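The following exercises are to be worked through with the sequence and the model side by side. Each task is followed by a solution in steps.

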Amino acid sequence: MSAVPSTLSSPTGAVVAQPRWPLRIMLGLVLLGLLALFALFGPWLVGASPVVQDLRNTLAPPSAQHWLGTDVLGRSALARLAHAAQLSLGMALLAAVSAAVPGTLLGIVAAWRGGRTERALLMLSDSVLAIPGLLLVLLIAALAPGALWALYAGLSAALWVEYFRVSRAVARPVLAGDAVQASRLLGFGRGYVLRRHLLPALAPTLGTLLAFTTSQAVLALAALGFVGVGMQPPTPELGLMMTEAMPYYEEAPWLIAAPTALLVWLVAAMMLLNPDRETA
């Protein structure tokens, strides 16, 4: 993501260009930050348990006691939403980071070594891409239905290819550039080239990709929970909350509106951060 420069006058009178984030990027970061704060501190601020039932207070409308009302079992919808956001974002971020490390390293190795090594890694990535990502997660999650480790492993296995392809595409021209060739002629080792040339070139792209893959993982978890093959009751999870609220949509539409709004919020933040839509 590039910044739009602004100009400021220096003490000597010269005009100095200063980077300035576009308003769209700043808004996306604010939305994403608020969502992260809600996931991180929401369960602590709400205080109520997401699994404790109160059958005398089922499908209660939003009130001062329960800001988002209660579900059919009398559980606080806000408490469940906060814990669901924490679970979904936490697992998605962990899976994205776990996929980023091997994917980036393999991409750098493929660009650096070339030849048979690169062809073998490309065949491996193409074989993973041949299977739709959600189906791959579903196949691995089927080994232990409802288990966190199975969903985590499936998401990591589906996401590493994106980091591999991006890091390989970015590393190839950098390694063939004059700066790297000069460093090699001067006797600098691979660690220097990696630290001073490759990582600075990869960092902006990988940062954006991390945000997008995290949001993809959240949506994948919600989709699996919605069709009943992800997390199982009574675990608070966004897709599962939507499934549980579907039969009571006419009586309590706020129950399905809350997790849906959180997912829309996340997608909107990611769209605002999309560098392809950036204007000068």
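**Exercise 1.** How far apart are the end C-alpha atoms of helix H7 (residues 190–226), and what distance would a straight helix reach?

*Solution.* The model is a predicted one. Step 1: H7 has 37 residues, and at 1.5 Å a residue a straight helix would reach 54 Å. Step 2: the end C-alpha atoms of H7 are only 47 Å apart, which falls short of that span. Step 3: examine the course of the helix. H7 bends by about 45 degrees at Leu199, and Pro200 follows within four residues. Step 4: beyond the helix comes Gly228, with a positive phi near 85 degrees.

**Exercise 2.** Determine whether Ser125 is buried or exposed, and identify its contacts.

*Solution.* Step 1: Ser125 belongs to helix H3, which spans residues 115–129. Step 2: its relative accessible area is 0%. Step 3: buried means under 20%, so Ser125 is buried. Step 4: with neighbours within four places in sequence left aside, Ser125 is in contact with Trp160, Val161 and Phe164.

**Exercise 3.** Which residues touch the most other members of the largest nonpolar core?

*Solution.* Step 1: this core has 58 residues, and those touching the most other members are Leu151, Leu155, Tyr163, Val218 and Leu238. Step 2: among the helices that each supply at least two residues of the core are H3, H5 (148–175) and H7. Step 3: H2 gives the most, with 14 residues. Step 4: take Val218 as an example. Residues up to four places away in sequence not being counted, Val218 touches Ser88, Leu89, Ala92, Leu238, Leu263 and Leu266.

Conventions: Residues numbered from 1 in each chain as written. Predicted model: local features only at pLDDT ≥ 70, side-chain atom pairs only at ≥ 80, totals over all residues. Heavy atoms only, no water. Buried < 20%, exposed > 50% of the residue type's maximum accessible area, 1.4 Å probe, protein only. Contact = heavy atoms within 4.5 Å. Expected span 1.5 Å × (residues − 1). Bend = angle between axes of the 7 residues up to and from the residue. Core = buried A, V, L, I, M, F, W, Y, C linked by side-chain atoms within 4.5 Å.
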